[in-house]
Amino acid sequence: MTKRVLALFDVDGTLTVARKDIEPDMVEHLKKLRKAVKVGTVGGSDLAKQLEQLGKTVLEDFDFVFAENGLVAYEAGKLLAVQSIAKHLGEESLQRLLNFMLQYLSGIELPVKRGTFIEFRKGMLNVSPIGRNCCQEERDAFEVYDLKHGIRAKFLEVLKEKFADLDLTYSIGGQISFDVFPKGWDKTYCLRYVREQFDEIHFFGDKTFEGGNDYEIFESPETIGHTVNGPADTIAQTTKLFL
């Protein structure tokens, strides 16, 4: 009997260079891959950003599309389910968290600051000390600055202590931000939609270290985890495994 295999991919740093559009060679590779296994994406960003990076036909190009860690889930182009952080936390707790984060953000001094410091998504909050409106050059510079000064890591530690009662997870992802969501709402959340359908679930991601937003699903006993260092490595590893 042929094994039922799913290849799940992170987006930034795995299928694309961070915040860049998918390249034609990856598009062609995924077409070949779909002839051998089922393929899906699981990203921390919302569906709009996956559409922006992976193309307007992303819901047709992948068997599964999981936005916001799977809190917004699609199979074969059809919406499966949507989860809401606002309903889960309740308005009082949500505002307490938001107000504190805004106050903390106002006290951070950086070489540059732009706009959109908190992005409210259906299943999570995305927090960016520099602001999501920064340009690519500013984004790259902040990533280097953050590695040296630990801006995001320090912010996370404060939030963990201040809001221990809310039972939240804080996950650094991408170049400029981190995600805040209820425990269990990391990328392993998407596995509830696929665990019964497949004999093997392979996950490919770049931030598989502890604290990275690929860590939990990479370490999950339900997946076979693979660390990649960019789109070219993703193509190389999946070619060796499946083609």
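This is a predicted model: local features need pLDDT of at least 70, side-chain atom pairs count only at pLDDT 80 or more; totals for chains, interfaces and linings use all residues.
Q: Fine. So where does S128 lie?
A: S128 is in the loop between β7, residues 125–127, and α6.

Q: Is S128 buried or exposed?
A: Buried, because its relative accessibility is 0% and the cut-off for buried is under 20%.

Q: What does S128 touch, apart from its sequence neighbours?
A: Skipping residues up to four places away in sequence, S128 touches L105, T116, F117, I176 and S177.

Q: And which backbone nitrogen lies 3.1 Å from a polar atom of the S128 side chain?
A: That of G131.

Q: Switching to annotations: which residues does UniProt list as "binding site"?
A: One "binding site" set, from an unreviewed entry in UniProt, has R19, R121, R132, R139, S177 and D179. Of these, R19, R121, R132, R139, S177 and D179 are included in the lining of the largest pocket.

Q: Let's take R19. Where does it sit?
A: R19 is in the loop that runs between β1 (5–9) and α1 (24–33).

Q: Buried or exposed?
A: R19 counts as buried because its relative accessibility is 17%.

Q: What does R19 touch?
A: Leaving out residues up to four places away in sequence, R19 touches D12, K49, E52, Q53, R132, Q136 and R139.

Q: Now D179. What element is it in, and what does it touch?
A: D179 is in strand β9, residues 177–182. Not counting residues up to four places away in sequence, it touches G44, R121, M124, L125, N126, T169, Y170, S171 and N213.

Q: Which side chain joins that of D179 in a polar contact?
A: N126, at 2.8 Å. D179 itself is buried, as its relative accessible area is 5%.

Q: What else does UniProt list for "binding site"?
A: Another set from an unreviewed entry in UniProt, with D10, D12, D206, F218 and T223. From that set, the largest pocket's lining takes in D10, D12 and D206.

Q: Where does D12 lie, and what does it touch?
A: D12 is in the loop between β1 and α1. Beyond residues up to four places away in sequence, D12 touches V17, A18, R19, Q53 and D206.

Q: What is D206 in contact with?
A: Leaving aside neighbours within four places in sequence, D206 is in contact with D10, D12, G13, T14, D214, T227 and V228. Its side chain also has a polar contact of 3.4 Å with the side chain of K207.

Q: New topic: helix packing. At what angle do α5 and α7 pack?
A: Helix α5 (residues 91–106) packs with helix α7 (residues 151–162) at about 145°, and their axes are 12 Å apart. The crossing is right-handed. On the α5 side the contact is made by R96, L97, F100, M101, Y104 and L105, and on the α7 side by K154, F155, V158, L159 and K162.

Q: What about phi at E68 and N69?
A: Both have a positive phi without being glycine: E68 is at about 50°, and N69 is at about 70°.

Q: Where do E68 and N69 lie, and are they buried or exposed?
A: E68 lies in the loop between β3 (64–67) and β4 (72–75), and N69 is found in the loop between β3 and β4. E68 counts as buried at 3% relative accessibility, and N69 counts as buried at 3% as well.

Note on methods. Residues are numbered from 1 along each chain as its sequence is written. Side-chain values use heavy atoms; hydrogens and water are left out. UniProt positions are given in the numbering used here, feature names are shortened, and annotations may be inferred rather than shown by experiment. On a 1 Å grid over the protein atoms alone, a cavity is a set of points where a 1.4 Å probe fits but cannot get out, and a pocket is an open set with protein on both sides within 12 Å along at least five of seven lines; lining residues have an atom within 4 Å of a point. Helices (H or I, at least four residues) and strands (E, at least two) are DSSP runs, numbered from the N terminus. Buried means under 20% relative accessible area, exposed over 50%, partly exposed in between (1.4 Å probe, protein chains only). Contact means heavy atoms within 4.5 Å. A polar contact is a pair of N or O atoms within 3.5 Å; within protein, one must be able to donate a hydrogen and the other to accept it, and residues adjacent in sequence count only if both atoms are side-chain atoms. Axes are lines fitted to C-alpha atoms, for helices over the stretch in contact, and angles run from 0 to 180 degrees between N-to-C directions. A crossing is left-handed if the near helix is turned anticlockwise from the far one by less than a right angle, and right-handed if clockwise.
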